[in-house]
Amino acid sequence: MLFDSFNRKIKDLRVSVTDRCNFRCFYCDPDPAPCTSSDPNLLTFDEIHFLCDVFVSLGIEKIRLTGGEPMVRKGLDLLVAELSSLKRRGLQELAMITNGSNFASKAALLRSSGLDRVTLSLDSLKPGTFRSITGSDKLSNVLDSIEAARSAGYPYIKVNAVIVRGRNDDEIVDLARFARGSNLTVRFIEFMPLDSGRIWDRKHLVPATEIRETINSAFPIVLINPFRRGETAWRYRFADGTGGEIGLIASVTNAFCGECSRIRLTADGQVRTCLFSTEEYDVRGLLRSGGSRSEVTELIRFAVARKKFGHTIGSSTFKNPSRSMSSIGG
Ligand code: SAM
Ligand code: SF4
């Protein structure tokens, strides 16, 4: 088992399969070069499988594939099938987060390959706003992907919306309505200082409390999980009994660090213990220089033992991580 020095059990692993993306969300802004698996820095599928196997043997219960945009990595269904085999060794859930631009046609294949759950990102229902946020015209692809996820039978589909003042805060009610009567959870996320362009400023932040009040005045909502144990989001249902859920992720104003159970593996093989870490642990280097399984295990334990209690956004000691969200793996 993996416990950090604050006695938190580490059981969720985020695996980034690429730092490249076909979108240019202004709050993230990834490297524009195309993803190519001949990039020597990128972990191969075999390396990812090996490292995930080590993580699972250390008690990781849930793996979420991310990026960049995971769907731009060729042959992702093969990786999903390989990682799915770790369910025989203790893995409980294999999930993915995607921008939904290329997911629709692969939804069923990925599900049959062993993907249990999917989260899709959708910041706007208006084509113009969607384009201005993501730099892409693929709003209809994302909506089709959400439908395809439903048809393929993914349970508890989540839809993530990053809310930014002056960009899409006028759509909070419309996005909440999108959840109503559906089997979706629409999760509203505070804008975090993880953009490569360093444009983040508190004035862009729409606090989760404000988002909640805006939704509540249109559709009264009731908190489902008052203690939020280990969960990132505050979860709400609609008071009138209509289906669908709302999630609020107050990563900046009410961080969930105290309950954090996460660790991350970047696409270039660095272990990070927090989105906001300033340290990384080079498992790719160790692996490629002939490091044994027990040495890799020790490096992971070493990293976890140094996991900080939480981020310090808003304090004078806060330092932006050197990488953007797309490169860390959000
Ligand atoms: N490309 C995929 C996607 O967009 O769903 C997966 C990777 S993306 C980095 C993961 C999640 O991080 C997305 O839901 C995205 O909206 C969110 N995200 C990216 N940059 C962010 C930021 N600066 N603040 C808050 N959330 C952010
Ligand atoms: Fe790409 Fe996701 Fe970053 Fe948007 S948030 S640029 S879709 S990696």
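How many nonpolar, polar and charged residues does the lining of the largest pocket have? The question is put to a predicted model, and the answer is 6 nonpolar, 8 polar and 16 charged residues.

The largest pocket has a volume of about 710 Å³. Its lining consists of 30 residues, and those closest to the centre of the pocket are Lys62, Arg117, Lys158, Arg187 and Glu231. Several strands take part in this lining: strand S1 (12-16), strand S2 (62-66) and strand S6 (184-190) each contribute at least two residues to it.

From the pocket, the reader may turn to the cavities. The structure contains 2 cavities of 30 Å³ or more.

The helices come next, with helix H1 as the guide. Helix H1 covers residues 45-57 and helix H2 covers residues 76-84; their axes come within 10 Å and cross at roughly 25°. Why are H1 and H2 described as roughly parallel to each other? Angles under 35 degrees count as roughly parallel, and the angle between these two axes is roughly 25°; H1 and H2 are therefore roughly parallel to each other. The crossing in which H1 passes H2 is right-handed. On the side of H1, the contact is made by Phe45, Asp46, Ile48, His49 and Cys52, while H2 supplies Leu76, Leu79, Glu82 and Leu83. This contact of H1 with H2 has 6 nonpolar, 1 polar and 2 charged residues.

Helix H1 also packs against helix H9, which covers residues 293-305. Here the angle is about 65°, and the axes of H1 and H9 lie 10 Å apart. The crossing of H1 and H9 is right-handed. In this contact, Phe50, Leu51, Asp53, Val54, Phe55 and Ser57 of H1 meet Arg293, Val296, Thr297 and Ile300 of H9. By class, the contact of H1 with H9 divides into 6 nonpolar, 2 polar and 2 charged residues.

To return to the opening question, the lining of the largest pocket has 16 charged residues beside 8 polar and 6 nonpolar ones. The contact of H1 with H2, for its part, has 6 nonpolar residues and 2 charged ones, with 1 polar residue.

Methods
Residues numbered from 1 in each chain as written. Chains lettered and ligands numbered in written order. Predicted model: local features only at pLDDT ≥ 70, side-chain atom pairs only at ≥ 80, totals over all residues. Heavy atoms only, no water. 1 Å grid on protein atoms, 1.4 Å probe; cavity = no way out; pocket = protein on both sides within 12 Å on 5 of 7 lines; lining within 4 Å. Points joined across faces, edges and corners; volume = space filled by probe spheres on them. Axes fitted to C-alpha atoms, helices over the stretch in contact; angles between N-to-C directions. Helix = DSSP H or I, 4+ residues; strand = E, 2+ residues; numbered from the N terminus. Parallel < 35°, antiparallel > 145°, perpendicular 65-115°, else oblique. Left-handed = near helix turned anticlockwise from the far one by under 90°. Contact = heavy atoms within 4.5 Å. Nonpolar A, V, L, I, M, F, W, Y, C, P; charged D, E, K, R; others polar.
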